[in-house]
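Biologist: Could you take me on a close look at the place where the two chains meet? I am new to this, so please go step by step.

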There are 2 protein chains.
Amino acid sequence: MTIQESILQLAQRARQASREARLAPTHVKNAVLASCAEMIESGIDDLRRENQKDLEAGKKSGLSSAMLDRLNLSDKTVKSMTEGLREVAALPDPVDEIIHAWRRPNGLEIGRMRVPLGVIAIIYESRPNVTIDAAALCFKAGNATVLRGGSEAFHSNQALAGVFRKACEKHGICPDVVQVLDTTDRAAVGALLKLNNYIDVVIPRGGRSLIERVVDESRIPVIKHFDGICHVYVDSEADLDVANDIVFNAKVQRPGVCNAMETLLVHQAVADGFLPGSLKRLAEAGVELRGSESVQKILQGSGLNILPATEEDWRTEYLDLVLSIEVVDSMEAAIDHIDKYGSHHTDTIVTRSWERGRRFLREVDSATVLVNASTRFSDGQQFGLGAEIGISTDKLHARGPMGLTDLVCTKFVVSGDGQVRT
Amino acid sequence: MTIQESILQLAQRARQASREARLAPTHVKNAVLASCAEMIESGIDDLRRENQKDLEAGKKSGLSSAMLDRLNLSDKTVKSMTEGLREVAALPDPVDEIIHAWRRPNGLEIGRMRVPLGVIAIIYESRPNVTIDAAALCFKAGNATVLRGGSEAFHSNQALAGVFRKACEKHGICPDVVQVLDTTDRAAVGALLKLNNYIDVVIPRGGRSLIERVVDESRIPVIKHFDGICHVYVDSEADLDVANDIVFNAKVQRPGVCNAMETLLVHQAVADGFLPGSLKRLAEAGVELRGSESVQKILQGSGLNILPATEEDWRTEYLDLVLSIEVVDSMEAAIDHIDKYGSHHTDTIVTRSWERGRRFLREVDSATVLVNASTRFSDGQQFGLGAEIGISTDKLHARGPMGLTDLVCTKFVVSGDGQVRT
């Protein structure tokens, strides 16, 4: 059997199983998730043995210690997987919810009902826990999942998916609702991305090159999770103490994630008063500062080391303790900067002005726009959506933090008593 | 300038203009639409002159009379355009609507706000009125539009878009919110479909080969409007008079559209009683009947001409007075047939059973599922959504009849008073 044939068969099995997942009662889905958590706990030695194979192969092939760390099924990772499963089980089931219903003059009653998407393919990189996290969310939303993890996590991913499948079988659900590609051949992904008759959506989770490749090759709709080049704009009417805390939090609390601030914009009216103290605090926390000429001028003689910011800096997602800083002469200039250089992910204004807060919320075209709060809140958990599959930078279907209700679509359900059209 | 360069510039102008469209007040957008209707009426002679060029070229190149008819800006077509503009002006503006808002324990207030998608490309075939219909809907939803009509309607489309642009200028809106590609070169579409940095979504409106080409070439997300292979299932518990009227209406009232019935499924318990009368009525209306062996057997000696239905028939969208007919031995078999052969567009059950109606609504995975009503109701106007841009057969973002609220996306707006994440 060629790779194309074996991927086709896998996708056909997923499509077939998706009918069962679609109609599975909530209590059965929740029982599968709970059993999966228990089976991970009770079968942890077997999982560790498979994980060890990946770790050893990784060491041999010279993976960095950071990569090996991400690959490792540590106690913490295992706990986060089992807690995640139980948390998803506790979330409300989005399937069959009627989000809007109305009656027409001719007596037809029309409703929009949330229904599963069908088959979701997830293509991801090193962390094996994504196997469980993604499968759990997709399954709770009534979908079948085709998973393709990084080749360096091959054995771990197979073992984890195997546990999920066993949990399905235990509750009479066809295990093919969760499948992992059983090859590390790159051609398998190419073949998968052509199967738009069997797979409804592809979600790539990983770096830009992975996502670009999926977009290039896919005939299946893709939901993309691109960079977060997030801004905090400190307005002329900002409370500078509030601004100081938000700026520090947005940059330092967890710099390696997509909702961390990468660029600070400060209104010129408050730049002299705000920047020296705020940047000193950031520098003391180890942040490398890159400022425009105006910024460097203000900080002259402060003793702080401000590197010159280049055009490239405004377009860079550092994911690290690095910050680019610009002074703007108006809120409009700040919005223009965000529009030109940002990634339309998450942007914040700090202001005491009601009118400027309202305008910023309306005029900034990003997935999340905040007033007087840290960019770090742009997150499914923080929003109260429960676990998230990621943060979409697309505009279609899902934008921003994607929870369970973004893993379904809707259908129109219409109830009549013999109506015909005239 | 190469075609690639000129398309790039056009897309850049659209992106720039989309900022203006996004923030345009409702009353200004409505005034543009009203002025456009007036200008079409007052400038009808100029429009007809341009339309005449296309009609003459079409005659020369041997277009069929059906094609020429679709190309013609008849009084009826003009009236439908101007009425459409006024109707879209009267629809509620979807932009800035908060569809859901809540407060978190930490005091953050979070809302999902409807905002325009940005730039929408529409690629369509012969009918020039689509130029106005599509531009009006997209503009009312705050978007800029890039239009590419059929080459046979080139002059008509340019002239109609010119009127829309003049209406924009009259009210101080940048006319680049509506642009038509000024070339009939096929390479222009290929170039357009690569510009995912400037265009947010592509909606192809036309035959399967057009849509397939767009899906193949596009790096921009596509919303597809594929076939409607729609079913009416007459259940064992159907009211046969109701079934007779629904079947007749779904097939005959307007056979050339995607929500017309193509396949009739009848439960074996009522097939003997239902089929002869119902099929006679259809035959008298000029419908060609293609039945399975069981159907042929039931109709033996009836005098009706039933051609044998092939496997291919179940998968065919006739868009004509042709009907394929099958007898099934259970509702499950009907649902299986719909799942296997249908296009998941629109499907109806006729039944008096509450339980079977409920099950059909839930278990059939189509964009529109009806009980005791004609498939012909699967339509934006009939649903009360107002004008529609089409009927999406995709599951992502929009499924089924697409109205104004499907031409926007959402963003999260978050209001705080200094919250930082711990």
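**Where chain A meets chain B**

Modeller: Happy to! Let's start with a pair of strands that crosses from one chain to the other: β13(A) is joined by 5 bridges to strand β16 of chain B, residues 408–419, and the two strands run parallel. Within β16(B), B:Val413 is the residue that stands opposite A:Val369. Please keep in mind that this is a predicted model.

Now let's step back to the whole contact. On chain A, 57 residues are in contact with 57 residues of chain B. Several elements of chain A each supply at least two residues of the side that touches chain B, among them the helices α1 (3–23), α10 (240–252) and α15 (354–363). The strands β2 (109–116), β13 (368–373) and β16 (408–419) of chain A are also on that list. Which element gives the most to this side of chain A? That is β16(A), with 11 residues. Sorted by class, the side of chain A that touches chain B has 25 nonpolar residues, along with 16 polar and 16 charged ones.

How do the two copies relate? Chain A is superposed on chain B by a rotation of 180° with 0.0 Å of shift along its axis, and the RMSD is 0.1 Å. The two copies are therefore related as by a two-fold rotation axis. Among the residues of chain A, A:His397 comes closest to that axis, with its C-alpha at 1.8 Å. The same surface serves both copies, as 100% of the contact residues of chain A recur in chain B.

Methods
Residues are numbered from 1 along each chain as its sequence is written. Chains are lettered from A and ligands numbered from 1 in the order in which they are written. This is a predicted model: local features need pLDDT of at least 70, side-chain atom pairs count only at pLDDT 80 or more; totals for chains, interfaces and linings use all residues. Two residues are in contact if their C-beta atoms, placed from the backbone, lie within 7 Å. Helices (H or I, at least four residues) and strands (E, at least two) are DSSP runs, numbered from the N terminus. Ala, Val, Leu, Ile, Met, Phe, Trp, Tyr, Cys and Pro count as nonpolar, Asp, Glu, Lys and Arg as charged, and the others, Gly among them, as polar. Two strands pair if DSSP finds at least two bridges between them. Copies are superposed by least squares on the C-alpha atoms of residues with pLDDT of at least 70 in both.
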